[in-house]
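Could you look through this structure with me? I have put together some numbered points for someone meeting it for the first time.

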Amino acid sequence: MKININNKEYLVDVANNPSLLEVLRDQLDFTGTKYGCGEGACGACKVLVNENPTPACITPVTSVAGKKVTTIEGLEVNGELHAVQKILLEEDVFQCSYCAPGMILSAVALLKKRPNANEKELIDGLNGNICRCCTYPAIINALKKLSQNNSE
Ligand code: FES
Ligand code: FES
């Protein structure tokens, strides 16, 4: 079947009913999407499906037919990182960064819906993303700067 990843069509093998994560990593080499728990609980594998954060590990690839999938590789436009990527880099929030792709994509979706999200909304919105290094306060503080800038 064909799937749309980062605005490009790819032909993928669905013979063994693979998950979206297996297709992204093993067939298409989009290795920015990480494998964590494999059961929809940690958020490491989150991508956007029609702009909604979605755990790719429990999403059958066949379910994204006709939809738009965005991975961390698709956020950069013309060499320019997304504002969420920029602020998290500037503020140097991550340690190992394993959670970063899923965390960033969840934050992108949240701030698209709620550009001026307050602290509680940011915490609630990122609730499905686990950071093993516990960098949560740094992530939330950086995103608060972005949402405050959006409201100025
Ligand atoms: S690896 Fe998919 S939610 Fe943890
Ligand atoms: S920075 Fe290590 S898991 Fe989040």
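Predicted model: local features only at pLDDT ≥ 70, side-chain atom pairs only at ≥ 80, totals over all residues.

The points below go from the domains to the helices, and then to single residues and pairs.

1. Let us start with the overall division. The protein splits into domain 1, covering 2-74, and domain 2, covering 83-150. Between the C-alpha centres of domain 1 and domain 2 there are 21 Å. Where the two parts meet, 16 residues of domain 1 are in contact with 14 residues of domain 2.

2. The interface can also be put as an area. The size of an interface is often given as the accessible area lost when the parts come together. Here, domain 1 and domain 2 bury about 1200 Å² between them, and carbon and sulfur atoms give 58% of that area.

3. Next, helix α1. Which residues of α1 are buried? They are Leu20, Leu21, Val23 and Leu24. These buried residues of α1 pack against β1 (2-5), β3 and β5. Just after α1 comes Asp29, with a positive phi of about 65°.

4. Most residues other than glycine have a negative phi, and most peptide bonds are trans. Asp92, which follows α2, has a positive phi near 50°. Asn78 is not a glycine, yet its phi is positive, near 50°; Asn78 lies in the loop between β5 and α2 and counts as exposed, at 82% relative accessibility. Ser97 is another non-glycine residue with a positive phi, about 75°. The loop between α2 and α3 holds Ser97, which is partly exposed with a relative accessible area of 32%.

5. You will find Thr71 in the loop between β5 (68-70) and α2 (83-90). Is Thr71 buried or exposed? Its relative accessibility is 0%, so Thr71 counts as buried. The side chain of Thr71 makes a polar contact of 2.6 Å with the side chain of Glu73. Beyond its neighbours within four places in sequence, Thr71 is in contact with Ile5, Asn6, Leu24, Phe30, Thr33, Val47 and Leu105.

6. Thr33 sits in the loop between α1 and β3 and is buried, with a relative accessible area of 2%. Not counting residues up to four places away in sequence, Thr33 touches Leu21, Leu24, Arg25, Ala44, Cys45, Val47 and Thr71. Cys37 is placed in the loop between α1 and β3 too, but Cys37 is partly exposed, with a relative accessible area of 28%. Cys37 and Lys144 are 107 residues apart in sequence, and their C-alpha atoms are 28 Å apart in space.

7. Now for the rings. How many aromatic pairs are there? The count comes to one aromatic pair. Tyr10 and Phe30 form that pair in an edge-to-face arrangement, 5.8 Å centre to centre with 90° between the planes. Tyr10 belongs to strand β2 (residues 8-11) and Phe30 to the loop between α1 (20-27) and β3 (46-49), so the pair ties together parts that are 20 residues apart in sequence.

8. The charged end of Arg132 sits over the ring of Tyr98, at 4.8 Å from the ring centre.

Technical notes
Residues numbered from 1 in each chain as written. Chains lettered and ligands numbered in written order. Heavy atoms only, no water. Helix = DSSP H or I, 4+ residues; strand = E, 2+ residues; numbered from the N terminus. Buried < 20%, exposed > 50% of the residue type's maximum accessible area, 1.4 Å probe, protein only. Polar contact = N/O pair within 3.5 Å; in protein donor to acceptor, adjacent residues only side chain to side chain. Contact = heavy atoms within 4.5 Å. Phe/Tyr/Trp six-rings, centres within 6.5 Å; stacked < 30°, edge-to-face > 60°. Lys NZ or Arg CZ within 6 Å of the ring centre and 35° of its normal. Domains from an automatic or database assignment. Buried area = accessible area lost by both parts, 1.4 Å probe.
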